[in-house]
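Reader: I am new to reading protein models. Please take me through one part of this one, step by step.

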Amino acid sequence: AEAESGVQIAKRIIQQPDPFIALLNYRATPITTTGLSPAQQLMGRSIRTTLPVLQQNLDPKLPDLYKVRKQDHKITRSGQECYYFFEILGKMFAHYS
């Protein structure tokens with residue numbers, strides 16, 4: 001599911017009138033699971049976009065990797081639990097319905 005989502009995002013970026021600006025905006029947009037943008041995770045700071053930004057927001061601040069990993073693990077774990085519940089248990093109890 002993540003691979004298909006990545007392909008759809010890439011297709012949307014390529015179809016934009018200016019794909020470089022679209023890619024820049026994608027890299028600057030925070031991801032909901034971690035609360036950090038891909039640029040923040042990679043470089044430890046926000047990147048300069050076409051929107052005006054305060055200089056202090058561009059200063060490097062490394063994210064707390066423990067919190068990021070914990071949040072990502074929690075989201076991934078809940079996805080695995082949902083898969084187990086609906087797929088595995090659903091198959092086990094399918095003959096009862």
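Author: Leu 58 sits in the loop that runs between H3 and H4. Keep in mind that this is a predicted model. Is Leu 58 buried or exposed? Its relative accessible area is 6%, so Leu 58 is buried; the cut-off for buried is under 20%.

What does Leu 58 touch, apart from its neighbours within four places in sequence? Its contacts are Arg 45, Ser 46, Ile 47, Arg 48 and Val 53. Take Ile 47 from that list. Ile 47 and Leu 58 are 11 residues apart along the chain, and 6.5 Å separates their C-alpha atoms.

Now move to Thr 49. This residue also belongs to the loop between helix H3 (38-43) and helix H4 (65-92). Thr 49 has 19% relative accessibility and therefore counts as buried, since the limit is under 20%. A polar atom of the Thr 49 side chain lies 3.3 Å from the backbone nitrogen of Leu 51. With neighbours within four places in sequence set aside, Thr 49 is in contact with Leu 24 and Ala 28.

On the H1 side, Ile 9, Ile 13 and Ile 14 make the contact; on the H2 side, Pro 19, Ala 22, Leu 23 and Tyr 26 do. Sorted by class, this contact has seven nonpolar residues, no polar ones and no charged ones.

Notes: Residues numbered from 1 in each chain as written. Predicted model: local features only at pLDDT ≥ 70, side-chain atom pairs only at ≥ 80, totals over all residues. Heavy atoms only, no water. Helix = DSSP H or I, 4+ residues; strand = E, 2+ residues; numbered from the N terminus. Buried < 20%, exposed > 50% of the residue type's maximum accessible area, 1.4 Å probe, protein only. Polar contact = N/O pair within 3.5 Å; in protein donor to acceptor, adjacent residues only side chain to side chain. Contact = heavy atoms within 4.5 Å. Nonpolar A, V, L, I, M, F, W, Y, C, P; charged D, E, K, R; others polar.
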